[in-house]
Amino acid sequence: MKKKALALSLACGLIAVAGCGSNNNADNSANSDGGSKNGKDPVELIWIMGDPGKVPVDEAKVEEALNKISVPAINVKVKTVYYDDAKTKLALSSGEKWDMVFTCEWFNNYAVQALAGYFADITDKVKNLTPALYETMPQVVWDGAKVNDKIYAIPVKKDYAAEIYWRFDKALFVDDLKMTVNDKMDFFDIEPFLKAAKDANTAGDAAAKDAEYPLKLTKAGFAGIASSFDMINNDAMIGIPYSAIGTADENKIVVTYEHPDLTNRLTALHKWYEAGYINKDAATVDDVGKYSAIKNGQGFYGADAIWSGGDGYTQLISKYSGPYLSTASIRGSMNAINANSKHIDEALKLQELINTNQEYRDILRYGIPGVHWNKNDEGLAVRTQAGRDNYAPWAFSQGSYSLSTVEAADGVKVDPKMWNVIFDSYKDLKATNSIGFAFDISKVSAQVAAVKVVADKYTVGLNTGTLDPATTLPKMMKELEAAGIRAVQKEAQTQYDAYVAGKK
């Protein structure tokens, strides 16, 4: 299989840009009434951030601390607001005043909003006006941020390439059962751990008292069940298997639910469900609590500290998938600038500051030093109770995750240099030829909608192990073909072939 290293060379064009397209000519930027009336007053930028579940109580205090750095540096202040996905989209469509906004594949849909004209085209400005920002990320990341060959948002520098991990309760598996958790394993290697936990629970082992079902799932299903595919369209369940890279089929789009890279996993899930390793109500419940003897999730080297702190018990991790680079993984967290803002240049300069100034970035993530957090002797960030209670925004959404100080975690050895290890590991990543490709479903939108209806009927049962793939998948595929899955697959293949040919 072919491995593609990140291309680190930067192309610095010298062409000046002129504005960008928009479906709304009204000025809905902050300070549209002229915030810099005398040419000296700081420009205040409104930044719509994702809703972390609770608007930080100390939001204003933190903004004041941030402004003490940004005003002397670039004469810019920031005002943050925290909206959920629906409210963010409404803010954009209604013309609410804003300058910067969080966007990605799963929140405030990046490609859709960019094509709608809400986001400024920063393709050339990000290179020429903020070269230090542009140089923070490799060319392939900027390529993945493009929509119709234009950059409309700044990716957050973090784990660009998707890696999926098993997560183990250290106290149960290592301290009690004396099992070894290796750094890497296969998806199917988890079975002996599931059996050991189940047996310990049945035997009355106190350490396994909560492991009646060692792999607890909700109706959301097994996270990342299709992680071995570069998904072209999730609703239509079509993608390219990473296992095909370097083969004659590396550009062939498949229906994931009829490919062995997925069906073998579904078969294993059903086997584990039948063995009592997965909770019987998995297909109907929304919440199973924070504890599960074994979990899984997309993460990175050092994520065990984050997961342990969040769940309240020490976890060890073992990677079973990735690193896989895709357009979706690159667009996992981004920030865009309002196409109608009068302060596009100032917003870009603030983004450059966020992504290059560690002091600013640490305050944005953790709050005020000495109040919300402190740095320990190992150089790790330790949140205070005031920090946990009064300032906890989405750290991954704000700008370079890797620039900020690494957070300490109880019971887990944390490497302050973890991001160096992560980015070094990307020399082994795999990627299809789809970076920057976006499937336009307009010619088959009705079929995609019909396919999704069929998928929704079966995938919950399949992805929780509740349904037997041996009998369910043939029935599901028959219905998918009646709904038009082959027409969707054919149109996607046609567009993809043209895209790949155009890259040569």
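The structure is a predicted model, in which local features need pLDDT of at least 70 and side-chain atom pairs count only at pLDDT 80 or more, while totals for chains, interfaces and linings use all residues. Residues are numbered from 1 along each chain as its sequence is written, and side-chain values use heavy atoms, with hydrogens and water left out. Helices (H or I, at least four residues) and strands (E, at least two) are DSSP runs, numbered from the N terminus.

**Nonpolar cores**

- The largest nonpolar core contains 62 residues, and Trp166, Ile238 and Trp272 have the most contacts inside it.
- A nonpolar core is a set of buried Ala, Val, Leu, Ile, Met, Phe, Trp, Tyr and Cys residues joined through side-chain atoms within 4.5 Å.
- Another core, of 59 residues, lies apart from the largest one; Val126, Val156, Tyr360 and Met418 are among its members.
- In soluble globular proteins, nonpolar side chains tend to be buried together.

- Ile238 is found in strand S9, which covers residues 238-241.
- Ile238 counts as buried because its relative accessibility is 0%; buried means under 20% relative accessible area, exposed over 50%, and partly exposed in between, with a 1.4 Å probe and protein chains only.
- Leaving aside residues up to four places away in sequence, Ile238 touches Met231, Ile232, Asn233, Ile253, Val254, Val255, Thr256, Phe439, Ile485, Val488 and Ala492, where contact means heavy atoms within 4.5 Å.
- Ile238 and Ile253 are 15 residues apart along the chain, and their C-alpha atoms are separated by 6.5 Å.

**Helix pair H16 and H17**

- Helix H16 (residues 445-463) and helix H17 (residues 469-483) have axes that come within 9 Å and cross at roughly 170°.
- Axes are lines fitted to C-alpha atoms, for helices over the stretch in contact, and angles run from 0 to 180 degrees between N-to-C directions.
- H16 is therefore roughly antiparallel to H17; angles under 35 degrees count as roughly parallel, over 145 as roughly antiparallel, 65 to 115 as roughly perpendicular and the rest as oblique.
- The H16 side of the contact includes Gln447, Ala450, Val451 and Val454, and the H17 side includes Pro469, Thr472, Leu473 and Lys475.
- By class, this contact between H16 and H17 has eleven nonpolar, three polar and three charged residues.
- Ala, Val, Leu, Ile, Met, Phe, Trp, Tyr, Cys and Pro count as nonpolar, Asp, Glu, Lys and Arg as charged, and the others, Gly among them, as polar.

**The annotated span 435-500**

- The UniProt record, an unreviewed entry, places the feature "domain: DUF3502" at residues 435-500; UniProt positions are given in the numbering used here, feature names are shortened, and annotations may be inferred rather than shown by experiment.
- Residues 435-500 are 76% helix and 0% strand, and the end C-alpha atoms of this span lie 10 Å apart.

**Helix pair H1 and H13**

- Helix H1 (residues 59-74) packs with helix H13 (residues 358-366) at an angle of about 170°, and their axes are 9 Å apart.
- The angle makes H1 roughly antiparallel to H13.
- Val62, Ala65, Leu66, Ile69 and Ser70 of H1 meet Glu359, Tyr360, Ile363 and Leu364 of H13.
- The contact of H1 with H13 has seven nonpolar, one polar and one charged residues by class.

**Backbone features**

- Most residues other than glycine have a negative phi, and most peptide bonds are trans.
- Gly322 and Pro323 are joined by a cis peptide bond, with omega about 10°, and Pro323 lies in strand S12 (residues 315-325).
- Asn75 is not a glycine, yet has a positive phi of about 60°; Asn75 is placed in the loop between H1 and strand S2 (76-83).
- Asn75 counts as partly exposed because its relative accessibility is 25%.
- Asn148 also has a positive phi, near 50°, and is placed in the loop between strand S4 (146-147) and strand S5 (150-151).
- Asn148 counts as exposed because its relative accessibility is 64%.

**Asp389 and its contacts**

- Asp389 lies in helix H14 (residues 385-390) and counts as partly exposed at 36% relative accessibility.
- Asp389 touches Lys54 and Val57, not counting residues up to four places away in sequence.
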